[in-house]
Amino acid sequence: MRASAIKRLHQLQAAVKRRCLRGLLMCGLALISSPLPLAAATQESGAFYQQIQFDIPPQPLALALKVFADQAGVQIFYRSNIVPAINTQAIRESLTPERALDQLLSGTDLRYTWGGRNALVIHRPEVEPYDSVSPVAPQPPLKQRAIEETYVTGVRNSLRVNLAAKRQAANIIDVITSSDIGKFPDRNVADALQRVAGVSVDRLWGEGRDVNIRGTDKDINRTLLNGQHVASAYWWANDNLSRGFNYSTLASQLVQSIEVHKTPRADIDEGSIGGTVLVRTRRPLSMAGPMFSISVEEQYSDLAQSWDPQTSLLGSWNNPDRTWGMLTSLHWQERQSRRDGQETFADNTLYTITEPDGTVTENVYAIWGGGTALLEQDREHFTGNVTLQWSPDERWDSALNVLRSQMDIDSVNHNYLFAPGGFKLRQESPAAVANPEYRPSDDGYLNLAAGTLTGADTTGALLDAIYRQGYIDTDVIDWDTRFSHGPWQLHWQLGQTQSSGGTDHDYLYRFLGDTRTRFALTHDSVQVEYLDLDPTDARALTQYSPDSRDLIRDMSNRENYAQLDFAYHPQVSWLNTLKAGIKVRDHRVVNRQMIGEIDPTYAGWDNLQHTSLADVSNGLTPALLPHVDGASSVTRYARTRNALLQNILLTHYGAGLLRYREDTDAYYQIDEESIAYYLSAEFTGQRWQANFGLRAVATRQDASGYLSDHLVTVKHRYHNLLPNLNVRYQLQDNLVLRGSLARVMARPNYEDVSPGFILDPTSGSGLAGNPMLDPYGADQLDVSAEWYRSDTSLLSIAGFYKDFSSFVYPSTEFREIDGRVLNITHPTNIRGVSIHGLELRWQQDIAWGFGVQSNYTYTDAQVPAPAEGPAIQLPGNSRDQFNASVYFEGERLDARLSYNYRSSSYGEVRAGSQSQAASYTQVDGSVHWHLNEQASFSIEGINLTNEIIYIRSASGIPQGFYENGRRILVGLRYHWE
């Protein structure tokens, strides 16, 4: 009762918080919408005389002008032949765009004119800027004069901005801007990241959720929001808290730009091996002036056969003096989806198989169960963001950012199963297996791959109907302030991020039937014949199982942080910037679960256990995976109806049929406190640029979990010293060479450092954590060559090598516990792991509005074979990745067709073999028609070829085949500024 009361109190607090935040957001929209009558030209020209924090490295003037335009939020028009081939000095301070541009043009005879519509025209004094540059409509004169170099909106603008940022950076990065996310056929930020060289995405649920970088798993690659950790959680029963980020909770509308840092800098948080994804959100004073945008869309899911709405609002306002502003963003989505699948559940238990003639085969793995699954989901997602920015003069810039994301996920999962390890082989007198076929496992044992499970009077078929009420809530509050005085700059950032996820209820209704089963686990299907019943006949499953249950799960993730940075820009030609900083973090994650189990002493249980599937069913599933089934796969079966379940069974749950207890096996709490110090220096020469830094990190970890029903806490302390050197050399005006040396680290995943221990007394195996794990550590070398054939075209090659001094590896050993010798799997640190790879990239603006973007990544990983257990591949790694996009941009119409390929990737080890996801290909496309300057219509297609996800063990046992279907989005967008 106490737990229930606390839960209701938390739900009430969350509801109050949501209502208050939504009220604040709506007030913000009202304020933002009010100043529409202001003249755009006046607002924009006024913006030119307000301070902005610039960060423009030394580089050729033509490139510096493009970087200035991006950071100032303006368009620049000029003829290429009037810009001299000189290098500019660095500008890294808070200035008005007017003063910054004066500094860039100093020493030249160039002048500029404000042309309206957020445009500047650069010209020589004796040349008229244009025949008639109008504040209202400057575009026609520009077309008439055939300007050779322009900074404009659209696909080409995003390519220019992305390449300019990549070109000027001291370290190796890739950049995606907000307009580029809008142009991609991706409403999901992870799907947009998929198109970056070296990045692969998990699409198990039909859209990008987890990101792997350069062959390394999501758990050892961090995502930072405006430079800081953003808490993340999950809802699915089999997911655990991760150091990665759940991208399904991030609305792309919030994003201004994304940077993938493949080589580290000392001033960026530690914790990534493959790379760090830095997400930057929009700010009001970075806008050219007040603006408002609204999009209304409908999404069609072909498997669910459902049209669902989604809408986004974005508004920004600033006062006439541009000393303060407010930005508000709202995103709301409803979505019905369906996923069809065939799946099996691996079991680490070793069985003894007896044939009808008495032949015995020992030490054989058998799946717990397998069959055909149908997942139907209703999802509602709300995201709100308010940013307040204050900048009273050129010295101060302060922003308060508040973000709330709330996702409610109600799902129904039906699975018609046979269960050799769950019932037939586990019963007191195990069933004989006729005509068994075996397949070797990677650890030397055998897998039962086919046969006939005898026993017509014992359980051979079951239907699991699982009704989940899932949720993911994420909150961020961040205060970010910069103060500049001459060559000095002070920066501080304070905030909190927290997230919770799980299920309010996860009801499992299980129905059983007696039958013999003939099965075959082939490379491409899960084939099963129920010899004594028909899966489409609900009357065949006659018993309500005492294994039915309810799970209430809550995973919470919270971090408080504070950061202080100092920067000094000496007036020295070869020394650009000196930086120093300190950061403290207080991080806590908690995983809790309550389990409700059938109480056999409940007064009505004797009658309830005879409830059949027919009592709660009203029909059949749709046809499931008919194009991938085997000769005898089940594609339709009787299903439950929620209303009947509630009337007949759920009412008894509330009356005492379920007895709840805390699941101590699932509990862990990890408390981390860390403090980091760093020093860095940026050097510059005529053709070179270098960044050297040193980051020192101390971590205090307290890990709590249950051992033999006793809560224990284990303390662990470790320190890391992380040097890095990035060098950029401009061999020619359009050829850039880069090199980087660094030491990187990533902390172990939370579940791995839990001191808890889970024992399966039947199988004699167990799972244990290791709270004394050291973090991942690696020394890495990166080199690249980049040929910028134009400001929108790039041909590049990059090589990387990572040598792990410490890697977390699943180890299996035999331990004696209470007089029994048990097979225990636990994580441990090993050496000898390495990754090397190559990235190729070609991006070209061709002609007549057409262009292409493509990249290929090769990644090879070496993992030493353990003394005991099977050798494994590096989790998360795909050997080959290829992306290609062809785009067209016209005056009214633009379109894009994108192709993505990823070779096999690897996961966890179960039943002696490693999980392996087969190669995957996806094609997406989009068309945007601009009705006028403010309004546009779009249609987008996702997974146009309806690809199937195939997951098998390395020994060939199928684990999951999933179809998510195609999705089509149509929408209208209106934008005013």
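**Strand pairing, confidence and a nonpolar surface patch**

Strand β17 (residues 350-354) pairs with strand β18 (residues 360-365) in the antiparallel sense, over four bridges. The structure is a predicted model, in which local features need pLDDT of at least 70, side-chain atom pairs count only at pLDDT 80 or more, and totals for chains, interfaces and linings use all residues. Residues are numbered from 1 along each chain as its sequence is written, and side-chain values use heavy atoms, with hydrogens and water left out. Strands (E, at least two residues) are DSSP runs, numbered from the N terminus, and two of them pair if DSSP finds at least two bridges between them.

Five residues lie between the strands of the hairpin, and G358 takes a positive phi near 95 degrees. β18 also pairs with strand β22 (residues 446-453), here in the parallel sense and over two bridges. In that pairing Y365 stands opposite N447 of β22.

Strand β12 (residues 255-261) and strand β13 (residues 276-281) are joined by six bridges in the antiparallel sense, and I258 has V279 of β13 as its bridge partner.

A nonpolar patch on the surface is formed by F692, L725, V727, L741, L781, V783 and Y801, with about 570 Å² of accessible area together (Shrake-Rupley method, 1.4 Å probe, with only the protein chains shown counting as cover for residues). Patch residues have over 30% relative accessible area and no salt bridge, and nonpolar side chains (Val, Leu, Ile, Met, Phe, Trp, Tyr) are joined within 5 Å. A salt bridge is a side-chain nitrogen of Lys or Arg within 4 Å of a carboxyl oxygen of Asp or Glu. β35 (710-732) and β39 (776-790) each supply at least two residues of the patch. F692 is found in strand β34 (residues 688-707) and is partly exposed, with a relative accessible area of 41% (between the limits of under 20% for buried and over 50% for exposed).

The mean pLDDT (the predictor's confidence in each residue, from 0 to 100) of the chain is 85, and 87% of its residues reach 70 or more. Over residues 126-153 pLDDT stays under 50, and the model has 52 contacts beyond four places in sequence for them (heavy atoms within 4.5 Å). Where pLDDT is low, the predicted coordinates should not be read in detail.

Key
Patches are made of residues with over 30% relative accessible area and no salt bridge: like charges are joined within 9 Å, nonpolar side chains (Val, Leu, Ile, Met, Phe, Trp, Tyr) within 5 Å. Buried means under 20% relative accessible area, exposed over 50%, partly exposed in between (1.4 Å probe, protein chains only).
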